[in-house]
Amino acid sequence: MDANSAEISLQYGENLKLNNLSVDTLLANYDPCPNDPYGSTSMPIYQTATFRQAGAADFGEYDYTRSGNPTRTALQDQVATLENSIGAKSFAFSTGMAAIAAVVRLVKTGEEIIVNDDSYGGTYRLMSQIATRQGISITYLNLSGHQGAETLTKAISPATRLVMIESPTNPMQRICHIATLANACRHSGHSIGTLLSVDNTMMSPILSRPLELGADIVIHSATKFMSGHSDTMAGVVTVKNTGDDGRTLAESLYFYQNAEGATLAPFDCWLVLRGLKTMALRVRAQQFNAQVLAEWLKKCPVIKKVIYAGLDDFFDKDIHFSQSSGAGSVVCFTTDNLSLSEHIVSTVKLFKITVSFGSVSSLISLPGNMSHASIPPEVRSVREFPVDLIRLCVGIEDPYDLIRDLENSIALFQVKSL
Ligand SMILES: *Cc1c(COP(=O)(O)O)cnc(C)c1O
């Protein structure tokens, strides 16, 4: 490593190399349409529902946009490359939830899904109110930490078709050990075969690539880091070339994508393609800012607990950094004082109160009554979800402006409560 690259890796962490080029270079230089007759450097938006056939029985490469569209192909091909797994194939859906729903289609009536009990709220709703109605049994388990694989091995039954996890979970940032959970699935010894699906939305392929770690399926809500500007919704499923009842997983996913039709529209594909060009840059800048903020929060006397994998006292830090190259940009903290937490969330000026994350601008929320509202109260209490927990999704602003914003808000509360 020469001096320059050593300096860059100090600042940014190790970069993934694909074909000897850094992922940053590949994303910025991706040529989505090498055969474009006019040499277009941005992928054209094929805003068409139908494609003319050359003859009655000659369908050509594309016939109908639900089944396939060149703008979508460009996006899917690029996302598949990012997983750094030979034979990986990606499928783009209208939202992250549509992507997750397509994965759930791999499970038949009478079979079981084991879901990490700290999953995204929308995943809960899909499991508890839709999958169960289709006769799929759902088991929620805590699969995080060093005991996760043992817990999973004991729980897998002859009916377990799918295991769905996230790491880190959102917002509590529990860590699942992807490689050992993948191993537990692979060695379940049951004939239906147990697939491991990882929702990698929190990390993005820049920081973690679950297929490399042994997972069969990786899901991204592209609404977050891939598009990166809170201006579009999308979801992507990427699979390895493993089997599903005689079909490959890719053939099955393509079948459900086309048959149910929740495909990503050409313009939205184009927006995600544009977002991807700067994804590496954004993810690293956001992560750098998150680290600065987490360290500041840690020293702030009114803040009780800071949860961020980049801090020395983070639980399961060893597992996290064995499978991810960075801590990401979501920082959570508690104050032990609900009115202070509510005050901070409603008085900061630079952090917008919204759900979601992964955008260039910083966001703040009290997840207990926002994105996780779809989780039934009885499950929420099992998951020890502190009501005063604040979630910051850090953007690309100057981190010292963000710190001053938090500082001002806290000072205002102290004045008010004198
Ligand atoms: C946002 C999110 C989803 C759902 O994605 P949408 O694009 O909102 O449908 C799924 N999983 C995780 C971890 C998410 O953060």
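This briefing covers the cavities and salt bridges of one predicted model. Local features need pLDDT of at least 70, side-chain atom pairs count only at pLDDT 80 or more, and totals for chains, interfaces and linings use all residues. Residues are numbered from 1 along each chain as its sequence is written, and side-chain values use heavy atoms, with hydrogens and water left out. The structure holds three cavities of 30 Å³ or more and eight salt bridges.

**Cavities**

- A cavity is a set of points, on a 1 Å grid over the protein atoms alone, where a 1.4 Å probe fits but cannot get out.
- Grid points are joined across faces, edges and corners, and a volume is the space filled by probe spheres set on the points.
- Lining residues have an atom within 4 Å of a point.

**The largest cavity**

- Its volume is about 90 Å³.
- The lining includes L27, A28, Y30, W270 and R274.
- Two elements each give two or more residues to this lining: α2 (23-29) and α10 (266-277). Helices (H or I, at least four residues) and strands (E, at least two) are DSSP runs, numbered from the N terminus.
- Helix α10 gives the most, with four residues.
- By type, the lining has seven nonpolar, two polar and two charged residues. Ala, Val, Leu, Ile, Met, Phe, Trp, Tyr, Cys and Pro count as nonpolar, Asp, Glu, Lys and Arg as charged, and the others, Gly among them, as polar.

**The second largest cavity**

- This cavity holds about 60 Å³ of space.
- Among its lining residues are I100, V115, M164, E166, D199 and I219.
- Strands β6 (160-166) and β7 (195-199) are the elements that give two or more residues to its lining.
- Six nonpolar, three polar and two charged residues make up the lining.

**Salt bridges**

- Side chains of opposite charge can pair when their charged atoms come close.
- A salt bridge here is a side-chain nitrogen of Lys or Arg within 4 Å of a carboxyl oxygen of Asp or Glu.
- R284 and D24 form one, at 2.4 Å from N to O. R284 lies in helix α11 (residues 279-299) and D24 in helix α2, so the pair ties together parts that are 260 residues apart in sequence.
- R284 is buried at 3% relative accessible area, while D24 is partly exposed at 22%. Buried means under 20%, exposed over 50%, and partly exposed in between (1.4 Å probe, protein chains only).
- E212 pairs with R209, with the closest N and O atoms 3.2 Å apart. E212 is partly exposed at 39%, and R209 is buried at 12%.
- K317 and D312 meet at 3.8 Å, N to O. K317 is partly exposed at 24%, whereas D312 is exposed at 73%.

Methods
1 Å grid on protein atoms, 1.4 Å probe; cavity = no way out; pocket = protein on both sides within 12 Å on 5 of 7 lines; lining within 4 Å.
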